[in-house]
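Please examine the structure shown below and follow the chain step by step.

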Amino acid sequence: MNEGKFLGETKILERLIASETIEDSYERWTDYRYQLTSLIEGLKEKTTDRLVLLGAGRCSDLDLKRLSKVYQEIILVDRDLEAMEEAIKRYETPMVKTYPLDFFKVTTKEYDELIKNLQEKNFSLVKEQLSNMKDVPKNNPLPEDIEGEVVVAVGLHSQLISRLVALFSLYQKQFSYEERQEIQNIFSELTTVAVSELHNWVTNQIGGFRTFLIGYEYAAFVGEQRAFMDKILEDYLQGVVHDLSRYGIFRVQGGVQAEEDIRKRVEKKQLFLRQWGMFSWEFLKEKQYLVTIMVLST
Ligand SMILES: C[S@@+](CC[C@H](N)C(=O)[O-])C[C@H]1O[C@@H](n2cnc3c(N)ncnc32)[C@H](O)[C@@H]1O
C-alpha cells in the first residue's frame with residue numbers, strides 16, 4: 001500500500017475522517033432508531049431529568065425531536081461538532097446543546113508521526129508509539145462540567161480508537177502476521193484503557209448521573225450470515241438465550257472491553273444491571289450488527 005506516500009500525512013488523516021460518514025444511515029436505521037429512542041424515552045423518571053448522549057454524531061440512531069419532548073435538557077457529546085450541528089438542524093431542535101469532546105485525544109502531530117513510521121515500515125517505532133498511547137487518557141482528563149441524570153453511549157465503544165485502527169489497516173500488509181497480532185493486542189489494551197476511562201468519567205464526574213444505557217456491537221454479520229443473526233435474535237425473544245458466548249461468534253472490539261468493564265463494576269456493586277436486550281442494526285446494506293443493550297443504574 002504505497003498510495004499514502006504520495007498523499008502526505010495530513011491528507012491521509014483528512015481522507016480517513018471523511019470516510020467515517022455513513023451514507024444513507026438516517027433512512028436505513030429507521031427501525032433501529034425507533035427502538036433505541038423508545039427505550040431511552042422510558043428511562044426518564046422525573047420531569048427534571050436531563051439526557052446526555054455520548055457519541056451522538058448525526059443522531060441517525062436517535063430521534064432528537066422525540067427525546068426533546070421527554071427530557072428537560074439534552075446535551076450531545078462527540079468529537080465531531082459538525083455532525084452534531086447537522087443533527088440539531090435535521091430534527092429542528094435548536095435548544096439541544098452540543099459539547100465537542102474527544103474521549104481519546106490523539107493530536108494531529110501524533111497521527112502524522114504514526115503515518116510517517118508506518119510509511120517507513122518501522123515496526124518497532126509504530127509499536128512503541130502505540131504502546132505509549134496508554135497514557136493518552138491520563139494526559140487529557142475529561143471535563144467535570146457536564147450534567148445529566150440519564151447518560152447514553154450507543155455504538156461508541158467500538159469507535160474510541162477507530163482512527164488508529166483504520167490508519168494501521170491501511171499499511172498492515174507490509175507487516176508480518178506476528179507483527180500484526182502484536183499491534184492488535186496493543187489496540188485491544190488501548191481500547192480497555194479508553195473504555196475504562198469513559199466509564200470512570202460517566203460514573204464519577206457527570207453531575208446528577210443515575211442511569212447509564214450502553215449499546216455495543218456484539219458481532220457483525222455479512223451477507224448470508226444474516227440468517228444466523230436472525231436465529232440468535234429469535235432465540236433471545238423466546239427467552240432461550242441468556243449467554244451469547246455459547247454461539248462462539250467472532251466479537252467486535254470495544255464491545256468485549258465494555259462488557260468486561262461493566263461486569264467488574266456490577267460485581268463491585270458500583271453499578272446495577274436493570275435491563276439487557278438485543279437489537280439488530282442494519283449498519284450498511286451488506287452488513288448488520290447484533291447490538292447488545294444494557295441499562296445500568298447507580
Ligand atoms: C458509529 S457512530 C454512532 C452513531 C451515531 N450516534 C450517529 O447516529 O451518527 C460513533 C460516534 O462516536 C463518535 N466518536 C468515536 N470516537 C470518539 C472519540 N474518541 N471521542 C468522541 N467521539 C467519538 C464519532 O464521531 C461518531 O459520531
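Helices and strands are runs assigned by DSSP and numbered from the N terminus, a helix having at least four residues and a strand at least two. The model shown here is a predicted one.

The chain as a whole comes first. It contains 13 helices and seven strands. Its C-alpha trace spans about 55 × 45 × 40 Å along the principal axes. A compact globule of 298 residues would have a radius of gyration near 19 Å, and the chain agrees with this because its own value is 19 Å. Of the 298 residues, 35% count as buried. Among contacts with a separation of 6 or more, 74% are made by residues 24 or more positions apart.

How are the strands arranged? Seven strands form an open sheet in the order E3-E2-E1-E4-E5-E7-E6, and the pairing is mixed. Strand E3 (97-100) and strand E6 (272-284) each have a single partner strand and stand at the edges, so one side of each lacks a neighbour in the sheet. From one strand to the next, the twist averages 20 degrees.

Strand E1 (residues 50-54) and strand E2 (residues 73-78) run parallel and are joined by five bridges. Two pairs illustrate this contact: Arg50 has Glu73 of E2 as its bridge partner, and Leu53 stands opposite Leu76 in E2. E2 is mostly covered, with five of its six residues buried.

Another part of the sheet is built around E5. E4 and E5 run parallel and are joined by five bridges, with Ala153 opposite Ile214 in E5. In which sense does E5 pair with strand E7 (residues 287-297)? The pairing is antiparallel and extends over eleven bridges. In this pairing, Gly215 has Ile293 of E7 as its bridge partner. E5 is mostly covered as well, since ten of its twelve residues are buried.

Attention may now turn to helix H11 (residues 177-205). This helix has 29 residues and reaches 41 Å from its first C-alpha to its last, which is close to the 42 Å expected at 1.5 Å a residue. An α-helix has 3.6 residues a turn, so residues three or four places apart point the same way. The buried residues of H11 include Ile183, Ile186, Leu190, Ala194, Leu198 and Val202. What do the buried residues of H11 pack against? Their partners are helix H8 (123-132), helix H9 (136-139), strand E4 (150-154), helix H10 (162-171), strand E5 (211-222) and helix H13 (255-267).

Lys269 counts as exposed because it has 7 C-beta neighbours inside 10 Å. In sequence Lys269 and Thr298 are 29 residues apart, yet in space they are 8.4 Å apart, C-alpha to C-alpha.

Glu92 occupies the loop between H6 and E3. Its phi is near 55 degrees, a positive value in a residue other than glycine. Is Glu92 buried or exposed? Glu92 counts as exposed, because it has 10 C-beta neighbours inside 10 Å.

Lys121 is placed in the loop between helix H7 (108-119) and H8. Although Lys121 is not a glycine, it has a positive phi of about 55 degrees. With 11 C-beta neighbours inside 10 Å, Lys121 therefore counts as exposed.

Methods. Residues numbered from 1 in each chain as written. Predicted model: local features only at pLDDT ≥ 70, side-chain atom pairs only at ≥ 80, totals over all residues. Expected span 1.5 Å × (residues − 1). Buried ≥ 20, exposed ≤ 12 C-beta atoms within 10 Å, placed from the backbone. Contact = placed C-beta atoms within 7 Å. Pairing = 2+ DSSP bridges. Axes fitted to C-alpha atoms, helices over the stretch in contact; angles between N-to-C directions. Rg over C-alpha atoms; globule rule 2.2 N^0.38 Å.
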